[in-house]
Amino acid sequence: MVKKNTSSASRRTDIVSAAIEVFAEIGYYRATTAQVAERAAISQPYVYRFFTKESLLVEALEVSWQRIETAFRQVLESASPDTLERGFIEAYEAILAAHGSEILLQMQAQTIREEAVRKTMQEGMSRIKRLVLNAFEESGMEEAEQRTSDFLARGMLCNVSMAIGLPDLMLKK
């Protein structure tokens, strides 16, 4: 029985990973669950065993937000107050390089009006903002709120830069 649960959990993860790639490549509205199933090497009915198309997008977005949150928490565990912001930047750059499809998916989701998607995006961004703001405040950084807004804005610019293949948009520090 445990093996079946492990297998189901693994298949669920495979489906979400496939969805991230398919949605990022061709867009949420153009993508089908059949394409996701094909990418995950399973049947379409098996996708529906776990997800609707919208719940699959929500799950994929949550994976992407959790990845950022986990990376930033790791920075918090190791960075000194004077290297905190640089640590966050490097962590985010590593995510962009290794998991760019997740960021492309987040960018698309910013324009999707379905309530569950909007809520996931709002909650994810709010969690990251709180994490960064608290870290900046606890480190004694002056103007922590402004620095947090600037940090998040630069992150959004990083996303655009990566998405359109224009690295010149990024200011090198």
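Reader: In which helix is Q106 found?

Author: In this predicted model, Q106 sits in helix 6, which covers residues 100-109.

Reader: Is Q106 buried or exposed?

Author: A residue counts as buried when its relative accessible area is under 20%. Q106 has a relative accessible area of 3%, so Q106 is buried.

Reader: Now, how should I read a nonpolar core?

Author: Here is the general idea: in soluble globular proteins, nonpolar side chains tend to be buried together. In this model, the largest nonpolar core has 49 residues, and the members touching the most others are F23, L56, F72 and F88. At least two core residues come from each of helix 1 (2-26), helix 2 (33-40), helix 4 (53-78), helix 5 (84-98), helix 6, helix 7 (115-138) and helix 8.

Reader: Which helix gives the most to this core?

Author: That is helix 4, with 9 residues.

Reader: What is F88 in contact with, beyond its neighbours within four places in sequence?

Author: F88 is in contact with F72, V75, L76, L131, V132, A135, F136 and F151.

Reader: And what about the surface? Which residues make the nonpolar patch there?

Author: L157, V160, I164, L166 and L169 make a nonpolar surface patch of about 370 Å². Take L166, found in the segment after helix 8 (144-164). Partly exposed lies between the buried limit of 20% and the exposed limit of 50%. L166 counts as partly exposed because its relative accessibility is 37%.

Notes: Residues are numbered from 1 along each chain as its sequence is written. This is a predicted model: local features need pLDDT of at least 70, side-chain atom pairs count only at pLDDT 80 or more; totals for chains, interfaces and linings use all residues. Side-chain values use heavy atoms; hydrogens and water are left out. Patches are made of residues with over 30% relative accessible area and no salt bridge: like charges are joined within 9 Å, nonpolar side chains (Val, Leu, Ile, Met, Phe, Trp, Tyr) within 5 Å. Accessible areas come from the Shrake-Rupley method with a 1.4 Å probe; for residues, only the protein chains shown count as cover. A salt bridge is a side-chain nitrogen of Lys or Arg within 4 Å of a carboxyl oxygen of Asp or Glu. Helices (H or I, at least four residues) and strands (E, at least two) are DSSP runs, numbered from the N terminus. Buried means under 20% relative accessible area, exposed over 50%, partly exposed in between (1.4 Å probe, protein chains only). A nonpolar core is a set of buried Ala, Val, Leu, Ile, Met, Phe, Trp, Tyr and Cys residues joined through side-chain atoms within 4.5 Å. Contact means heavy atoms within 4.5 Å.
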